[in-house]
Amino acid sequence: MHNAPAVAIVILLVGAVASGPVAADQQVLLREQSLYHTILVVAEPTRRCLKFSVRDGTRNQSCVDPHDPKRMVFGYTRMMMAALLVVPEPQTVLVAGLGGGTLPTALAALLPDVRIDVVEIDPAVVKVARTYFDFQDSERVRVHVQDARVFVKRALQQGRQYDLVILDAYSGDYIPEHLMTGEFLEETRKLLTPDGAVAANTFATSQLYDYESETYRLVFGQFFNLRVRTSNNRVIVATNGPLPSRETLRANSRAWRPALGAYDVPITSYPRRMSTKVDWDHTKRALTDQYSPANLLKGSR
Amino acid sequence: MSLELLGGRILAPWFGSSIYVWGSIITVFMLSLSVGYFIGGRLSLRTPSLAKFGCLFLVAAVILVPIVYLAEPVMVWVFERIEDPRYGSLAASLALFVAPTVVLGTISPYSVRLLVRHKEESGKVAGTLYFVSTLGSALGTLATSFYFVLWFEMNTIVAVLGGILLLLGALGVVCRRLDRHA
C-alpha cells in the first residue's frame, strides 16, 4: 500500500489531461505534442480552431469559419490588415509566425504579385496549417522552418529586402524574448525597403506595454498604435521612412475596402484609430538583448 | 547553473531559442563539467592546499569575465561560417563556455580532497558537498530566471558571478596566508 500517493498522483494527472479545456460542444480533431507546444485542433459549432497547450484558458491561436473561410474570426488578425494602409501594394512580405496561416493566405489572395516568406519555428504547426487550415505553400508563398531571429540575420547577410514584415510570433502563453528586443527590431528595420513597414501583433495590457512601446519608439521613432476596445491585443505599424499622413491612410482604406469586405475587416475605421500618441510610461527602459524579461513583465500589472 | 541559463540568452540573438540551442548548451556544460571533475580529481593528488583551491576560483573568474566581451565577435564569426544553427550554437557554446565550466568543475573533487580527514567520513563529506553544490545550483537557477534577468543586464550578472568567484578565491588565498602566520 506504500504506493497509494503515487497512484493518487497518476489519477490526478490523468484526470487533468482528460478534462482539458475542451467544452462539450467541441470536438478535438487533433492533439499533437510538438517540440514547442501541445497542439490542438478543435472543431466548435461555427468554427475550427488551432490552440496551443492544454491548460485551462488556452488561447486560440487561429480560427476559421468553415462556411465562410475568408472571414477573419479574430479582431487582431483583422487589425493586422492595417499594414496595407501604410504599404498598400507590397511586393515582398515576410511573416514571422504561421499559426493557421490566416494572414499569409489572405495576403497571397489579395496581392496577385506578392512573394511571401513565412518563418515558423515549429514544423508541426506547418503540418497542421496545411492539413486543417487549408494553408497552401507555393512558388509565391514559401515556408521556412526556422527561428525568426536567425532567418532575419541570414536575410540581412544575403542582402534581401521586404516591403512589409509581419511579426505574429507572440503567442498568448509565451513570448520569444529575443524577438522583442531593440536589436531585433533594428535588424528587422534594416530588412525593410525605404518605404517598407513592420506590423506587429502584440499586447495592450500589463507592464510589457510600456517597455515594448518604448523599444519601438527608440528604433522607429513615431509609430502607429492600433487598439480596439474589445481586444487585449494591439497592433503596431512602424515605418522605415516617415509615417504617411492621415489623408493617405484614409485614401488607402477606401481603395482596399471592396477587396477586404469578404474578410470582414472594417478597414475604413482603422485610420482614425491609428494613434501616434505616447500613451505609455516613457520612463520605462527599452528591451534589449541584454535586458528582455518580456514574459516576466507581461505577468505584472 | 546561473551561467547555463544566461548561456541560452547569450546565444538566442544569433542562433534562436529553438530546442537544439538548449541541447547544445546543456551538452557543452555537461561535457565540460565531466572533464573538470576528472581534472580536479587529478589536481587534488599534487600537494593540495587551500591556496591552490583559491587559485581555481581566481582562474574561473578570470576566464568567465571575457565572455562579456568575446561573446559577440565569437558568435559573429561562427554565424558567418556555419549555416546550420544546430552546429552553429554547438560551436559557439564550445568556444564560449568550455573553459570556465571546466575550471568550475575542478572545484568539487578538489573540495572533497581538502575536507576529507579520514576515509571513514569520505562518503559523508562527498554527500554534504553534493548537497551544498546542487542546492546552490537550484537557488542560482531560481534567482537568475525569476529575478536577476528582471533587475539586471546579462553582462552585469556575468560580471557579478565573476566577482563572487574572485572574492572566494582571494578569501582562500588569504586564509592560507593567515594560517601560515598563525
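**Exercise 1.** State how many residues of chain B are in contact with how many residues of chain A, and describe the side of chain B that touches chain A.

*Solution.* Step 1: 15 residues of chain B are in contact with 14 residues of chain A; two residues are in contact if their C-beta atoms, placed from the backbone, lie within 7 Å. The model is predicted: local features need pLDDT of at least 70, side-chain atom pairs count only at pLDDT 80 or more, and totals for chains, interfaces and linings use all residues. Residues are numbered from 1 along each chain as its sequence is written, and chains are lettered from A and ligands numbered from 1 in the order in which they are written.

Step 2: On the side of chain B that touches chain A, α1, α6 (122-151) and α7 (154-181) of chain B each supply at least two residues. Helices (H or I, at least four residues) and strands (E, at least two) are DSSP runs, numbered from the N terminus.

Step 3: α1(B) gives the most to this side, with four residues.

Step 4: By class, the side holds ten nonpolar, four polar and one charged residue. Ala, Val, Leu, Ile, Met, Phe, Trp, Tyr, Cys and Pro count as nonpolar, Asp, Glu, Lys and Arg as charged, and the others, Gly among them, as polar.

**Exercise 2.** Describe how helix α1 (residues 2-15) of chain B and helix α5 (residues 85-115) of chain B cross.

*Solution.* Step 1: The axes of α1(B) and α5(B) come within 10 Å and cross at roughly 140°. Axes are lines fitted to C-alpha atoms, for helices over the stretch in contact, and angles run from 0 to 180 degrees between N-to-C directions.

Step 2: That angle makes α1(B) oblique to α5(B) (under 35 degrees is roughly parallel, over 145 roughly antiparallel, 65 to 115 roughly perpendicular, the rest oblique).

Step 3: Gly7(B), Leu11(B), Trp14(B) and Phe15(B) in α1(B) meet residues of α5(B), including Pro85(B), Ala92(B) and Phe97(B). The contact has six nonpolar, four polar and no charged residues.

**Exercise 3.** Describe strand β4 (residues 60-64) of chain A and its pairing with strand β3 (residues 48-52) of chain A.

*Solution.* Step 1: Four of the five residues of β4(A) are buried, so the strand is largely enclosed by the rest of the structure. A residue is buried if 20 or more other C-beta atoms lie within 10 Å of its own, exposed if 12 or fewer, and partly exposed in between; C-beta atoms are placed from the backbone.

Step 2: β3(A) and β4(A) run antiparallel and are joined by four bridges. Lys51(A) stands opposite Asn60(A) in β4(A).

Technical notes: Two strands pair if DSSP finds at least two bridges between them.
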